[in-house]
Amino acid sequence: MKQRVPRLLPWLDDRQPDVVCLQELKLTDDAFADLLGAELESRGYQWAVSGEVQWNGVALLSRAGLDDPVVGITGAPGFPHPEARAVSAVCDGIRVYSLYVPNGREPDSDHYRYKLEWLAALRDMVADRPGDSLVCGDMNIAPADADVFDPAAYVGHTHVTKPERDALAQLHALGLRDLLRERWPDERVFTYWDYRAGMFHKDLGMRIDLILGSEPVSERVRAAWVDRHARKGKGPSDHAPVIVDLDAAPDGDIGPLVPPPSSRQAKTSGVKLPQSR
DNA sequence: ATGACCTGCCAAGCAGGA
């Protein structure tokens, strides 16, 4: 996060998101507040954060309300100790999760098993909380072969294995939909590009940062895209923000014939802004 | 070319990322 402040603040001012999910803060809660508290407050954001000193760390920013914040995933395993990989809260009626799913490192490693157990706990937590939800962040899973630049190169690696994709399917089985892929069903859409070897400029990346929405929220999507511009220039994260623009929730009195004059922008990013990497 | 980066720890390389 420390290295990304000069990128994050102008990005907030430019994109004007109502809700933002950050991952890989690499900061304690106190350091986050010291670094960003005043800047966020002046922009009208409330926040919930779960940090630790060197690794991991997630935050949720909102200027659309921030109710019932929950740090962590109920029943999630540690490695071996609990890690700062999840924070959620209800923003304007939607429970938004900012997640940093464990990497997995190598298939069949202890860290890989940890990843799968962590995802199972996430599924259970989402299942136990009825109501609208947005599950957002660095999922560290490429949902399909189309989500990696060279599927053959990833055979035998994490992020593409069947158990990982099955864990994602368990979230879809709860009714969550992949908002970016639904919007761009046949496009080349990546959210992460390695820093090395000019991978970004060659568009050799992966789509591992996801926004999954429950059915009613999915119906409100008016735009969904990857903010590739944020991956350019000086000092970017190696991930780009994923943005979803939602219409205001229907109030039940006015029919759907006339769209609201201004849409509400809910935004979530799988931004590893922090390293925000 | 089995390459190529980046950050935080803290002061040199290592852990970790994906």
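Predicted model: local features only at pLDDT ≥ 70, side-chain atom pairs only at ≥ 80, totals over all residues.

Colleague: Where is glutamate 164 found, and with which side chains does its own side chain make polar contacts?

Modeller: Glutamate 164 belongs to helix H5, which covers residues 162-172. Its side chain makes a polar contact with the side chain of lysine 115 at 2.5 Å. A further polar contact, also listed at 2.5 Å, joins the side chain of glutamate 164 to that of threonine 161.

Colleague: Which residues is glutamate 164 in contact with, leaving aside its neighbours within four places in sequence?

Modeller: With those neighbours set aside, the residues in contact with glutamate 164 are Tyr112, Lys115, Leu116, Asn140, Ile141, His157, Thr158 and His159.

Colleague: How does one read burial along a helix, and which residues of helix H1 are buried?

Modeller: An α-helix has 3.6 residues a turn, so residues three or four places apart point the same way. In H1, residues 5-15, the buried residues are Val5, Arg7, Leu8, Leu9, Trp11 and Leu12. Their cover includes S1, H2 and strand S11 (242-246). Just after H1, glutamine 16 takes a positive phi of about 55°.

Colleague: What is the order of the strands in the open sheet of three strands?

Modeller: The order is S1-S3-S2, and the pairing is antiparallel. Strand S1 (19-23) and strand S2 (46-50) stand at the edges with a single partner strand each, so one side of each has no neighbour in the sheet. From one strand to the next, the twist averages 10°. Five bridges join S1 to strand S3 (residues 58-62) in the antiparallel sense, and glutamine 23 has valine 58 in S3 as its bridge partner. Helix H2, residues 29-42, packs on this sheet and touches S1, S2 and S3. The direction of H2 makes about 165° with that of S2.

Colleague: Why is strand S5 described as largely enclosed by the rest of the structure?

Modeller: For a strand, one asks how many of its residues are buried. S5 spans residues 86-91, and five of its six residues are buried, so the strand is largely enclosed by the rest of the structure.

Colleague: Which strands pair with S5, and over how many bridges?

Modeller: Strand S4 (residues 67-71) runs antiparallel to S5, and three bridges join them; here valine 71 stands opposite valine 87. Strand S6 (residues 94-100) also pairs with S5 in the antiparallel sense, over six bridges, with serine 88 opposite tyrosine 97.

Colleague: How many residues lie between the strands in the hairpin of S5 and S6?

Modeller: There are two residues between them, and aspartate 92 in this hairpin takes a positive phi near 50°.

Methods. Residues numbered from 1 in each chain as written. Chains lettered and ligands numbered in written order. Heavy atoms only, no water. Buried < 20%, exposed > 50% of the residue type's maximum accessible area, 1.4 Å probe, protein only. Helix = DSSP H or I, 4+ residues; strand = E, 2+ residues; numbered from the N terminus. Pairing = 2+ DSSP bridges. Polar contact = N/O pair within 3.5 Å; in protein donor to acceptor, adjacent residues only side chain to side chain. Contact = heavy atoms within 4.5 Å. Axes fitted to C-alpha atoms, helices over the stretch in contact; angles between N-to-C directions.
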